[in-house]
Amino acid sequence: MHNTNKQLNREAKWAVLLSLGYLVGWIIFAYLLPQGHGLLGFPLWFEMSCIFLPVLFILVALLVIKGVYQDIDLEEGSHE
């Protein structure tokens with residue numbers, strides 16, 4: 001059970017870090033980029049924060065799921 005708690009804590013930390021990373025990235029791209037248009041013709045801040053950043057974080061989340069997350073039997077030990 002100790003290893004299960006350790007793994008669950010590890011996964012929770014990664015989830016929080018990814019969420020905070022996304023929030024920081026969105027704020028940087030939405031508020032700190034210079035004026036201008038991006039590759040798709042939208043304002044640069046919109047393209048970066050609402051199109052490219054979500055795609056990037058989908059890929060990062062897939063990598064984290066493959067590398068960090070594990071399939072855990074949460075009902076372990078509850079069988080009578």
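Predicted model: local features only at pLDDT ≥ 70, side-chain atom pairs only at ≥ 80, totals over all residues.

Me: Is Tyr-31 buried or exposed?
Reply: The cut-off for exposed is over 50% relative accessible area. Tyr-31 has a relative accessible area of 60%, so Tyr-31 is exposed.

Me: Which residues form the nonpolar patch on the surface, and what is their accessible area together?
Reply: Tyr-31 is one of the patch residues.

Me: How many aromatic pairs does the count come to, and which kind is the pair of Trp-26 and Tyr-31?
Reply: Rings pair if their centres lie within 6.5 Å, and by this rule the count comes to 4 aromatic pairs. In the pair of Trp-26 and Tyr-31, the ring centres are 6.0 Å apart and the planes are at 75 degrees. Planes over 60 degrees apart count as edge-to-face, so this pair is edge-to-face.

Me: Which kind is the pair of Phe-42 and Phe-46?
Reply: The ring centres of Phe-42 and Phe-46 are 5.3 Å apart, with the planes at 55 degrees. Stacked needs planes under 30 degrees apart and edge-to-face needs over 60. The pair is therefore tilted.

Me: Which cluster do ring pairs make with Phe-42, and how does the accessibility of Phe-42 count?
Reply: Ring pairs link Phe-42 with Trp-45 and Phe-46 into a cluster. Phe-46 has 28% relative accessibility and counts as partly exposed. Phe-42 has 39% relative accessibility, so Phe-42 also counts as partly exposed.

Me: Where is Gly-41 found, and what separates the C-alpha atoms of Gly-41 and Thr-4?
Reply: Gly-41 is found in the loop between helix H1 (2-31) and helix H2 (44-67), and at 46% relative accessibility Gly-41 counts as partly exposed. Gly-41 and Thr-4 are 37 residues apart along the chain. Their C-alpha atoms are separated by 48 Å.

Me: What span should H1 have, and how far apart are its end C-alpha atoms?
Reply: H1 has 30 residues, and at 1.5 Å a residue H1 should span 44 Å. The end C-alpha atoms of H1 agree with this, being apart by 43 Å.

Me: Which residues of H1 are buried, and what do they pack against?
Reply: Buried means under 20% relative accessible area. In H1 the buried residues are Thr-4, Gln-7, Glu-11, Leu-18, Gly-25 and Ala-30. The buried residues of H1 pack against H2.

Me: Back to the loop: which residues is Gly-38 in contact with, leaving aside its neighbours within four places in sequence?
Reply: Gly-38 has its place in the loop between H1 and H2. The C-alpha atoms of Gly-38 and Arg-10 are separated by 37 Å. Leaving aside neighbours within four places in sequence, the contacts of Gly-38 are Pro-43, Leu-44 and Glu-47.

Me: What separates the C-alpha atoms of Met-48 and Trp-26?
Reply: Met-48 is in helix H2, and with a relative accessible area of 23% Met-48 is partly exposed. Met-48 and Trp-26 are 22 residues apart along the chain. Their C-alpha atoms are separated by 8.0 Å.

Me: Last one: is Leu-53 buried or exposed, and which residues does Leu-53 touch, not counting residues up to four places away in sequence?
Reply: Leu-53 lies in helix H2. Its relative accessibility is 3%, so Leu-53 counts as buried. Not counting residues up to four places away in sequence, Leu-53 touches Tyr-22, Gly-25, Trp-26, Phe-29 and Met-48.

How values were computed
Residues numbered from 1 in each chain as written. Heavy atoms only, no water. Buried < 20%, exposed > 50% of the residue type's maximum accessible area, 1.4 Å probe, protein only. Helix = DSSP H or I, 4+ residues; strand = E, 2+ residues; numbered from the N terminus. Expected span 1.5 Å × (residues − 1). Contact = heavy atoms within 4.5 Å. Patch = residues over 30% accessible without salt bridge, like charges linked within 9 Å, V, L, I, M, F, W, Y side chains within 5 Å. Areas by Shrake-Rupley, 256 points an atom, 1.4 Å probe, with all protein chains shown as cover. Salt bridge = Lys/Arg side-chain N within 4 Å of Asp/Glu carboxyl O.
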